[in-house]
Amino acid sequence: MSTTLRIAIAGLGTVGAGTLQLLEANGDLIAARCGRPIQVAAVSARDRRKQRPVEFSATRWFDDPVAMAGDPDIDVVIELIGGADGVAKRVAETAIAAGHSVITANKALLATHGTALARAAEAAGVTLGYEAAVAGGVPVIKTLREGLAGNRVSRIYGILNGTCNYILSTMRDTKREFTDVLAEAQKLGYAEADPSFDVDGVDTAHKLAILTAVAFGCEVNLAGVHVEGIRDVSALDIAYADELGFRIKLLGIASRANGGVEQRVYPCMVPANIPIANVEGVFNAVVAEGDFVGTILAEGRGAGAWPTASAVVADLIDIARGASLPTFAVPAKDLAKLPSLPIEDHVGCHYVRLMVVDKPGVIADIAAALRDEEISVEALLQRARAPGEAVPVVITTHDTRGQAMDKALARIARLDSVLEPPRRIRIESL
Ligand SMILES: NC(=O)c1ccc[n+]([C@@H]2O[C@H](COP(=O)([O-])OP(=O)(O)OC[C@H]3O[C@@H](n4cnc5c(N)ncnc54)[C@H](OP(=O)(O)O)[C@@H]3O)[C@@H](O)[C@H]2O)c1
């Protein structure tokens, strides 16, 4: 490795351009902190002629980012193209095989191939940096891998998708429905034209799978994540949550239990007075619970050119300084293969909202379905009275096994007087 650290950037979109801007603006400070200069030695994107907010005409251009990744005159390859497979994966694999360290913001890649890439990188003696892949500018990987290294982490959870948090916060503030707020978020550029990765919980699942591996020193297991998105959250449920003293948040939650790991992504009710309930708009937050440190919370911007660039450059500075840590906190060859526990076995409280015909005997039928599954009701609300018409009935339960609730809800859904599929939202006691 030359004294100057030569980097190649694959992808010059939002994050790639932001990274170049940061390196340009803070070059002196970064060189001082690294003890050596950093040189952008090569770049690649699809279209060389595209207008970009950065100047790189004097930098070597590659039409093929994979060829760039294998170039011997490079020390570090920064992959900012995106996608779980295809060119991004080939860039990372080629760079590692060529003995180059890799930095990526690509959570889809890490969630899908993280274990294999970590093993390849560590076998090759290079670093795989991915701080930017989880919670953007919030340095949560560093916090877990370094700051909390002496702790046994029992649970980690967070708001990991700014688009969903923006939509849920705005629904609450404006009392509007999901589709309406999503359309506005798309206009404002907070949501993609195809929002499914965000609103269906996939992006949160990617980040949670990565966090789980770092927190518990286990293989990345995306298939083990139970995923539900926010499309079914209604303004009515948000209003009831407020009334009951909760906020609805899309959380990714990973916890150790019964020799395995639970990984859950779903919209849930959290007490309105705890810090994470008050993380609003596009902000992200991650909470970790360690046996000696207690509970810590990190909050900040989870996306955007500059916050994400901040995380990319933090990894770059580590590499320039010669700091190298196991990718997922323990050496990749020693990562545990922890069984993922099914959501049906998860025990927790539930909120259930039904739309029922207001007539005698309805509540008794619902209560019987709950009783037969040994579900203990904490509260039942039926305010509106409109005989013969549809009214909402809200039930909250004490701790219940997921499978018991599934069975009770299936039976309740079949009742003639229940007009819509029951809406269930889990209540998390955080
Ligand atoms: N945007 C964020 O706030 C954010 C936050 C955290 C993590 N990330 C992650 O960061 C990565 C990049 O995201 P982004 O938002 O910066 O994406 P983006 O704006 O769409 O940029 C993607 C870049 O990749 C280039 N590219 C695409 N296919 C290519 C190919 N076959 N060969 C060479 N270059 C190719 C594009 O080239 P052209 O410009 O020529 O089309 C573009 O410059 C993704 O993994 C994303 O999940 C993004």
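Me: To start, is Ala135 buried or exposed?

Reply: Ala135 is buried, at a relative accessible area of 1%, where buried means under 20%, exposed over 50% and partly exposed in between, with a 1.4 Å probe and protein chains only. Bear in mind that this is a predicted model, in which local features need pLDDT of at least 70, side-chain atom pairs count only at pLDDT 80 or more, and totals for chains, interfaces and linings use all residues. Residues are numbered from 1 along each chain as its sequence is written, and side-chain values use heavy atoms, with hydrogens and water left out.

Me: Where does Ala135 sit, and what is its phi?

Reply: Ala135 is in the loop between β6 (128–129) and α6 (140–147), helices (H or I, at least four residues) and strands (E, at least two) being DSSP runs numbered from the N terminus. Its phi is near 60°, which is a positive value in a residue other than glycine.

Me: And Asn258, what about its phi and its exposure?

Reply: Asn258 is not a glycine either, yet has a positive phi of about 45°. This residue lies in the loop between β9 (246–257) and β10 (260–271), and Asn258 counts as exposed at 78% relative accessibility.

Me: Switching to helices, which one holds Ala311?

Reply: Ala311 belongs to helix α12, residues 305–321, and counts as buried at 4% relative accessibility.

Me: OK, now the ligand: how many residues surround it?

Reply: There are 22, of which the closest are Leu12, Val15, Asp47, Arg52 and Gly304, a residue being near a molecule if one of its heavy atoms lies within 4 Å of it. By class, that shell has 10 nonpolar, seven polar and five charged residues; Ala, Val, Leu, Ile, Met, Phe, Trp, Tyr, Cys and Pro count as nonpolar, Asp, Glu, Lys and Arg as charged, and the others, Gly among them, as polar.

Me: What are the distances from ligand oxygen to Leu12, Arg46 and Gly304?

Reply: A polar backbone atom of Leu12 is 2.8 Å from an oxygen atom of the ligand, and an N or O atom in the side chain of Arg46 is 2.9 Å from a ligand oxygen. For Gly304, a backbone N or O atom lies 2.7 Å from an oxygen atom of the ligand.

Me: How much of the ligand's accessible area does the protein cover?

Reply: The protein covers 79% of the 900 Å² of accessible area that the ligand has on its own, with areas from the Shrake-Rupley method and a 1.4 Å probe.

Definitions and conventions
A polar contact is a pair of N or O atoms within 3.5 Å; within protein, one must be able to donate a hydrogen and the other to accept it, and residues adjacent in sequence count only if both atoms are side-chain atoms.
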